[in-house]
Amino acid sequence: MKMSKVVVMDHPLISHKLSIMRHKDTKSKEFRELLNEIASLMTFDICRDLKTKEVEIETPICVAKFKQLDKDIIIVPILRAGLGMVDGLLALIPSARVGHIGMYRDEETCQPVFYYYKMPAEKERMVILTDPMLATGGSACDAIARLKEDGFTNIRMMALVASPEGVKVVTEAHPDVDIYVASVDEGLNDRKYILPGLGDAGDRIFGTK
Ligand code: PRP
Ligand code: URA
């Protein structure tokens, strides 16, 4: 049986940028810029084994065969905070399509509440689900389940900061989904926020608090 691969992308450039995002005084503009920069850097590795096809191209010297992406991918942010990673991915894969899954965490129960779903039709394409925070793992699990119900089978998750608990929940529920994350932090606090984390990612991206 397949087991999820969990890739912690602690490259010095990513760790440096993430440390600035974690600072409580970092403002939304810089927070957004850094989040997209990290998403771009993570795209490089998450797409390492994408399928390619050979195409014939005429260079100024001769005609030869070269590799190009076989199929475009679908980027799927979990609203709202996942939106903060989309431009970073699109910067490297401008032809990607973008689906959306709307979900928020109920403040009392910390359970995900689903409110929106819109995906492109091509079920055979690879999906990269984006959400900066993987805390209890509830939102990611439900989003992946929704994608599978709709017929998508090739799904990867790109997160920024995860808790060990959240990683366990998602990998046990969806062992076929690989997770790429910049950091696995210490754990969750009593309000189910990631420790030390970076606070509420959606609020920090959009300046809503
Ligand atoms: C945050 C975050 C994830 C979720 C993670 O979203 O962006 O979607 O919480 O928590 P979980 O792993 O415990 O489910 P939030 O509910 O704050 O919504 P927002 O993005 O609209 O701010
Ligand atoms: N959602 C966030 O934005 N941050 C956390 O630490 C947990 C859930």
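How many nonpolar, polar and charged residues are in the lining of the largest pocket? I start there. This model is predicted; local features need pLDDT of at least 70, side-chain atom pairs pLDDT 80 or more, while totals for chains, interfaces and linings use all residues. Residues are numbered from 1 along each chain as written, chains are lettered from A and ligands numbered from 1 in written order, and side-chain values use heavy atoms, without hydrogens and water.

**Pocket entry.** I find 14 nonpolar, six polar and ten charged residues in the lining. Nonpolar covers Ala, Val, Leu, Ile, Met, Phe, Trp, Tyr, Cys and Pro, charged covers Asp, Glu, Lys and Arg, and polar the others, Gly among them. The largest pocket holds about 740 Å³ of space. Of its 30 lining residues (an atom within 4 Å of a point on a 1 Å grid), Y104, R105, Y193, D200 and A201 are the closest to its centre. A pocket is an open set of points where a 1.4 Å probe fits, with protein on both sides within 12 Å along at least five of seven lines.

**Helix 1 and helix 2.** I looked up residues 12-22 and 28-46; the axes come within 9 Å and cross at roughly 155 degrees. Helices 1 and 2 are therefore roughly antiparallel (over 145 degrees, on a scale from 0 to 180). Their contact (heavy atoms within 4.5 Å) includes L13 and K17 of helix 1, and E30 and F31 of helix 2. I note eleven nonpolar, no polar and three charged residues in the contact.

**Helix 4 and helix 5.** These axes come within 9 Å and cross at roughly 20 degrees. That makes helix 4 roughly parallel (under 35 degrees) to helix 5. A140, C141 and I144 of helix 4 touch V169, V170 and A173 of helix 5.

Note on methods
Helices (H or I, at least four residues) and strands (E, at least two) are DSSP runs, numbered from the N terminus. Angles under 35 degrees count as roughly parallel, over 145 as roughly antiparallel, 65 to 115 as roughly perpendicular and the rest as oblique. Grid points are joined across faces, edges and corners, and a volume is the space filled by probe spheres set on the points.
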